[in-house]
Structure formats: structure tokens, C-alpha cells
Amino acid sequence: MVSSLPSLPSVLGTDPSSCILDAFRIAIAKRVSDALPPLTLEQAYTGVDYGKKGVDFTVALPRFRLPGKSDELAKKVTTDFQPDDFISTITHDKQFLHFQLNTASLIREVLNQIHTLTYNNPTGKPSYGTNTSGAGKKLVIEYSSPNIAKSFHVGHLRSTIIGAFLDNLYKACGWEVVSLNYLGDWGTQFGMITTGFEKYGSQEELEKDAIKHLYDVYVKVSKDADSDPNVKVEAAKWFKRMEDGDESALANWRVWREMSVKKYIEEYERLNVSFNVYTGESEVGKEWQDRALERLEEMGLISDVDGAKLVDLEKWKLGKAVLRKANGTSIYLTRDIGGAIERWEKYHFDKMIYVVASQQDLHLSQFFKMLSLMEFSWADRLEHVNYGLVLGMSTRKGTAVFLDQIIREASSVMHEQMKRNEVKYNNIEDPEMVAREVGITGIKIQDMAAKRINNYTFNWDRMLSFEGDTGPYLQYAHVRLTSMERKNPELIPLPPPSQIDTSSLASSQHARDIAILLGSYPDVVKTALKTHEPSGVVTFAFRLAHAISSAWETLIVKGEEDTEKARARLWLYLCARDVLGAAMRLLSIRPLERM
């Protein structure tokens, strides 16, 4: 259904057809710019901000730097004001003008837009909240990047959760996204495992769980190395043979890598994460690593210390960095440089993001600096999205380090909780799947709830609680909204939007609160693209869930005798379900329909 609002001039960077609040903001900006020449519509628009505490939008007059006092300017805007389809009231408060939107228009237009973009989209995919700001641009994003044969630790889990969110976010903003999982599949640890596999390896255990078995071998052989220095010497020889392309040294490594990737794909599928490309340090060609060294040497930035090659970045307060070991083997800084160059050759990206812990800030700064010193025109397209530490993540019994153990634990705790309500439990088709999804939602929401740079302490009880702002609470809110159709079959299917009378909702503060939140979702997505913070989307989802929860008692559907009112309320709840579901999917969470 097309908007029934009067037409407005267009403002660059706005799109009322995908974010209806843009139309209301343009109407406010027009009123301000018409009253205050020479202020242009575009200038006025930049001054329209969300209001605080019960105010829809606010304009701070001093920001326009117009001649005259704020009181006089405000008077010009408020004199002769008549409420219209967009604005119901303007209030002058010191240096501010506060605007309240026309409630009936707001509710009708927001619900119409959500319905149209969710169910009548030409692409067949729901698109409310998405935009086309990145159309024609390409992002390469590297995230997760665990080490084969070492545990998938919490740092990798954070990178996976934040990276998957950014992957979805850029797609929602029209970018073409190539997601890479850059595996730690190279390095001296493979020399160690090759040395240890002869003694501790088992083909049967390897086939059962390659990641865990290779890790166990690594732990045992590392223990041997503590008491026998020859073990490390042997391991270094093996790795040197691998670097030199010796087929007999590479044969086992290839099998182990393939088996590990297969296992990882299964684990990522559980987390609702997938990658376009599994690559790794092993795939970075030597050619660019060598050329990088040559180029930095020509620039006089390389020094030789006991046979090792160091690059001096002291001038930029970035210290000295090792580029090649004394025995001639590469290290991951050299491989990162080579890898970035190869990616540019292959993808010609507009931006490349590395989702890596803040402990690696110096490494990434050195790496980016070297690319810019090498005068690559695309060096400024690289971006490091960092994050803080997770403290104390282990299973309840102790110190689990494997992702699947954490997921299993979260699932079993949820499963126990679900069994306490026997009636509900018996109605669930696949309780194990539901327990797993709720558990994973708990892990993800705990991770994304605060600013990503903050460290946080992993807390099982808090994470899996249905009380407060937790993952299980969000799933519960979505399930409850989904159940509205099942509980009110006499109202289903709803008539088309043009035949639903929403005027009764205009008198409800609860309906208004929900509608303005729903209308703000496209802005939430745009803000997240600027900040790379999933926490803004999590906060939005909780605010929406709380607003709905406050409305249940007064905006009843079942038991409402007036069919028109019941339909309008049900439609409001179903639009809320669609937007909450969209926000959860953006966060890589699978919204549940029953639990």
C-alpha cells in the first residue's frame, strides 16, 4: 500500500520509501527552513535529531548559527503553526524546538511500510530495515580465523559473532560481501604435530574429531618438548620441509587441514554462520612475501639482526617488527602482507575489514603502516574492527576450550530448564534443537550486549536466564508474538492493510511507543554501519521487547469484542514480530516460533 501522506521535496541521503521517519523529518526540516531563510532544507534536515524522554524529534537552534536570538528564531517557526498529517505539536524550550508527530499518521505509515517491505517486496525477501547505501561496493571481511590443531578459544568466538553480524550488516546496506575464514593452518606447530603424530596419533580418533585429536597430539608433544629440546629441533626441520614444498612432509598436513575444515563447517552451521571462502596462511604465495621484503629493503626500512629481518617503524611509534626468522621461514606478519596484496589482486575491494582482538592492535597497525609505506593505493581501504577479552569462559566443571563443548553445555542447561514445565515441553516438536538455539542465543547476546571494546566476564547463570536482558528473554518475546496468530485463528488471515482501521491505536500510548520504535529500525541499521557496534541493535531489540511486554495487559487481542480493534492490535503485534525477527537475524540469531 502506497503512503497516503502529502508529497514532500526530496533531501539527498534520505529515502522515505525504506524509512518512513525520513518523511516526518523532512516535514520538520521544511517547516524550520521555510520560517528561517536563508537556511536551506538540507541544512535544516541535518539539525533534526531524535528527542529525549517522550519527545519525538528535537531541533537545537544554535547549531544553525543564524543571526538573532533563539527565542526570536523559535517564534518564527511556531507562529501560525497548524497541526498537519506530519506534525501535531511544536514546543519551544530554551534553545530547542520539540516536535511531536501526528500519532494516527505515524502508526498507519509505519505498519504499512513494514508490511509492504516484508511481504510485497519484488525480490521476495523481507527488506524492512535494509538500504542501498553500499550498492556497487565490495567488502572483503576476514573473521573467526581459528588455528587448526589449537583450541577454538573465546577470542575466536567473539571474532565469529561480531564478524557474522558485520557480514549481515553490510549485506543489509547493499554491499557485495566476500567473507573469509583465514585459518591458522601454517607454522611451526605443524612441525610439532607431525613429530608427535607418529607417537600419539590415531586414525580412528582423527576421523571422529580431527580438531580435538590434533589438539590432543599437540598438547602431548609440547609436554615432551619441555623435557627434551630435540623435539623442537625435529619440529623445526619438519616445518622447513613443508615451507620448501616437500611433498612427503605436506601429505599428512593436507589431510588434517581438510578434515579440520569439514568439522569447522559443521560447528559454524550450528552458530548460523557461513563463509564464502576458507583460506589460510598456507595459501599465501611466497612471491609477494619476497617482494614485500625487497620493497621495504629498497626503502631502507629493513635491518638484519642475527640473520633475522626486522622492519623499523619507531618513527611512527610502532616499534620494530620481525618479518623473517633467521632460519629463513616466514612469520605471520609477512604472510599477512602477502595475503592482503593477493586479496587486492583477486577482489579489488572498496573496503577490507579484519575482525581481530584488541590485543593485536599493534600488529595490525604495523601491518597497515607497512602497506601504506609500500605505497599501495588501496592501503587506506583496510580497517581493523577490534574487541575486548572474554574473561573466565569455561564449562561449569572447569576449563573447556572447545566451541562445541561450550555449545553442548549451553544446550544441556537450557534443556534442563525447559523440562521443568512439562506441559509446554511436551508441545515442542524438537526440544533439543530449541534448547541449542536458546543456548546459542544466550552466548551471542551476552557477547554483543555491551560495546565490543569492553572486556566482559562470561557468566553462565546470567546468560541463560529468562529474567532481564538476556538471549532467552529475546527468544521468548519473539515466540510470544508468533503465538498471536495461533491463539486468534478467528482473525486470521488479516485483511489487506488498506482494509485495517488503525485509528483506534492512536489513543494508546503503548501502541505509539511500539510504532515509533518500529519506525526507527532502519536508522538503527544505518548507525550500526557507522559504528560497527552490534550493541546498538541488541539495545533496540530489548527496547522493542520491553515496549511489547508493557502493552500486553492493555492492548489485548483475545477477549477484545470489537473486531476492528482486535485486528488493528494483532497487526501491530505481527509487525513487531517481523521487525524483532529481522533484528535477531541481523545479529545472526535464528528466531524461534515455539519454545
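**View 1. Salt bridges across the whole structure.** A search of the entire structure turns up 35 salt bridges. For this count, a salt bridge is a side-chain nitrogen of Lys or Arg within 4 Å of a carboxyl oxygen of Asp or Glu. What you're looking at is a predicted model, where local features need pLDDT of at least 70, side-chain atom pairs count only at pLDDT 80 or more, and totals for chains, interfaces and linings use all residues. Residues are numbered from 1 along each chain as its sequence is written, and side-chain values use heavy atoms, with hydrogens and water left out.

**View 2. Arg 590 paired with Glu 269.** Here Arg 590 makes a salt bridge to Glu 269, and the closest N and O atoms sit 3.1 Å apart. Arg 590 is in the segment after α21 (563–586) while Glu 269 belongs to helix α10 (residues 247–270), so this pair ties together parts 321 residues apart in sequence. Helices (H or I, at least four residues) and strands (E, at least two) are DSSP runs, numbered from the N terminus. With a relative accessible area of 24%, Arg 590 is partly exposed. The labels work like this: buried is under 20% relative accessible area, exposed is over 50%, and partly exposed is in between (1.4 Å probe, protein chains only).

View 3. The salt bridge between Arg 291 and Glu 287 has its closest N and O atoms 2.5 Å apart. Both residues lie in helix α11 (residues 286–298), four residues apart, or about one turn of the helix. Both ends are partly exposed: Arg 291 has a relative accessible area of 36%, and Glu 287 has 49%.

**View 4. Glu 485 meets Arg 577.** The side chains of Glu 485 and Arg 577 come together in a salt bridge, at 3.1 Å from N to O. This one links distant parts of the chain, with Glu 485 in helix α18 and Arg 577 in helix α21, 92 residues apart.

**View 5. A positive patch on the surface.** Lys 424, Arg 480, Arg 486, Lys 487 and Arg 594 gather in a surface patch of positive charge. Which helix gives the most to the patch? That would be α18 (residues 471–487), with three residues. Lys 487 has its place in this helix and is partly exposed, with a relative accessible area of 47%. Patch members need over 30% relative accessible area and no salt bridge, and like charges are joined within 9 Å (nonpolar side chains, namely Val, Leu, Ile, Met, Phe, Trp and Tyr, within 5 Å). Lys and Arg count as positive here.

**View 6. Aromatic pairs.** The ring rule gives 24 aromatic pairs. Rings of Phe, Tyr and Trp (its six-membered ring) pair if their centres lie within 6.5 Å; planes under 30 degrees apart are stacked, over 60 are edge-to-face, and the rest are tilted. Trp 344 and Phe 349 form an edge-to-face pair, 5.2 Å centre to centre with 80° between the planes, and both residues are buried. Phe 367 and Phe 368 have ring centres 5.4 Å apart and planes at 50°, so their pair is tilted. Phe 367 is buried at 0% relative accessible area, and Phe 368 also counts as buried, at 17%. Ring pairs also link Tyr 143, Tyr 264, Tyr 268, Phe 275 and Tyr 278 into a cluster.

**View 7. Two cis peptide bonds.** Pro 37 and Pro 38 are joined by a cis peptide bond with omega about 10°. Pro 38 lies in the loop between α1 (21–35) and α2 (41–46). The bond from Ile 492 to Pro 493 is cis too, with omega near -5°, and Pro 493 lies in the loop between α18 and α19 (509–531).

View 8. Asp 306 has a positive phi of about 50° although it isn't a glycine. You'll find Asp 306 in the loop between β8 (302–305) and β9 (308–312), where it is exposed at 75% relative accessible area. For Lys 317, another residue other than glycine, phi is near 55°. Lys 317 has its place in the loop between β9 and β10 (320–324) and is exposed at 77%.

Conventions. Areas by Shrake-Rupley, 256 points an atom, 1.4 Å probe, with all protein chains shown as cover. Charge placed at Lys NZ, Arg CZ, Asp CG, Glu CD.
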